[in-house]
Amino acid sequence: MSGPIVPLALGTWPTPVEPMPRLATALGLGRDDLLVKRDDLTGLGGGGNKIRKLEWTVAEALANDADTLVTTGAPQSNHARLTAAAAARLGLRAVLVFPGEPPVARTGNLVLDAFLGAEVVFTGVQGQPALADAATRVCDRLRSEGARPALIPFGGSTALAARGYAQCGEELLSQVPDLRTAVVALGSGATMAGLVASLGPDRTLGVDVGAVVDPRQRVASFVTPLSPNVRAEDLRVDRDQVGSGYASLTATVQEALTLVARLEGIILDPTYTGRAMAGLIAAIRRGEIEPGDTTVFIHTGGLPGLFGHPEIPAYAESLAPGR
Ligand SMILES: *Cc1c(COP(=O)(O)O)cnc(C)c1O
């Protein structure tokens, strides 16, 4: 590989920023204090935050002459689905390596993975390290068959990928110059890391979703190549929205999902954006975000995952009026 990586154009930019006046008022803020950055509307493959990262990581894969994109994640991974979409757009092969056994029926992102033509491998293993090993073995097999695989780590997070969100931060500052706090879900970490690199640690609040054991260290590891002065202890991280684990649906997330849907007509997902909004609401309630602070909620997508979440059908049934 030679020369700097030039990012691909996979998404639709800039994404819009919209006011959320009814939600702001309901939460005790001024009606103009709360905005949403619509990074769910990035276009390709149903949209979501992973597109900005893939513009860099897939460019790197192509610079290394890859013809196959391999990645891992939970079966409902939005990143895996968008990797499949990027592969389809570029005429590459996509192989998605998942833990556990295949589900009885495909739901949510797994439906879209099939539409997009991705090959899906259920490895039977559990846990991040075993899954990473399984993905390495899949790459070895592909190579022995004559393919040229590029392995994109789970969530698509690398220091290079974080540059996509550093660009998002610049875009956001041009749209909202008086930004005080941007609130974003923290999963595999490069999304928050990129925002921290351009907005600074004081203006970025990450809400952990429980995808990794050491969220603060992970984010710091992706920030420092871009912004060497940022330390892990400078980061604003809320770890209180995870509940009993990555796949749980907590009461505060339920509140966030219905509040935003009913006051703004905007749909969040239970795993990422619902937790980020629950974290934003909690920050207002403890006075960390106050009236007059211009606050931007980063909507990172994830709608397909809602249709693959095991607890959502029963929760929706509990809400349905007039039964
Ligand atoms: C992956 C994901 C995130 C978190 O981004 P990371 O860079 O993995 O931290 C947030 N929201 C949605 C919908 C996602 O799919």
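Helices α6 and α7 are oblique to each other, because angles under 35 degrees count as roughly parallel, over 145 as roughly antiparallel, 65 to 115 as roughly perpendicular and the rest as oblique. The axes of α6 (residues 159-175) and α7 (residues 190-199) cross at roughly 50° and come within 7 Å. Axes here are lines fitted to C-alpha atoms, for helices over the stretch in contact, and angles run from 0 to 180 degrees between N-to-C directions. Helices (H or I, at least four residues) and strands (E, at least two) are DSSP runs, numbered from the N terminus.

The model is predicted: local features need pLDDT of at least 70, side-chain atom pairs count only at pLDDT 80 or more, and totals for chains, interfaces and linings use all residues. Residues are numbered from 1 along each chain as its sequence is written, and side-chain values use heavy atoms, with hydrogens and water left out.

The crossing of α6 and α7 is right-handed; a crossing is left-handed if the near helix is turned anticlockwise from the far one by less than a right angle, and right-handed if clockwise. On the α6 side the contact (heavy atoms within 4.5 Å) includes Ala162, Tyr165 and Leu173, and on the α7 side it includes Ala190, Gly194 and Leu199. By class, the contact of α6 with α7 has 11 nonpolar, four polar and one charged residues. Ala, Val, Leu, Ile, Met, Phe, Trp, Tyr, Cys and Pro count as nonpolar, Asp, Glu, Lys and Arg as charged, and the others, Gly among them, as polar.

Helix α7 also meets α8 (residues 215-223), with axes that come within 8 Å and cross at roughly 50°. That makes α7 oblique to α8, and the crossing is right-handed. Ala190, Met192, Ala193 and Val196 in α7 meet Val219, Phe222 and Val223 in α8. The residues of this contact divide into seven nonpolar, no polar and no charged.

Two open sheets are listed below; two strands pair if DSSP finds at least two bridges between them.

| β5-β4-β3-β6 | parallel | 20° |

Strand β4 (residues 93-98) pairs with β5 in the parallel sense over four bridges, and Phe98 stands opposite Phe122 in β5. Helix α2 (residues 50-63) packs on this sheet, touching β3 (68-72) and β6, and its direction makes about 150° with that of β6. Helix α3 (residues 78-90) packs on the sheet as well, touching β3, β4 and β6, at about 175° to the direction of β3.

Strand β7 (residues 181-186) pairs with β10 in the parallel sense over three bridges, and the bridge partner of Val183 in β10 is Phe297.

Most residues other than glycine have a negative phi, and most peptide bonds are trans. The peptide bond from Trp13 to Pro14 is cis, with omega near -10°; Pro14 lies in the segment before β1 (17-19). Asp65, in the loop between α2 and β3, has a positive phi near 70°.

The protein averages a pLDDT (the predictor's confidence in each residue, from 0 to 100) of 97, and 99% of the residues score at least 70. Confidence is lowest in helix α12 (residues 312-319), at a mean of 95, and highest in strand β10 (residues 295-299), at 99.
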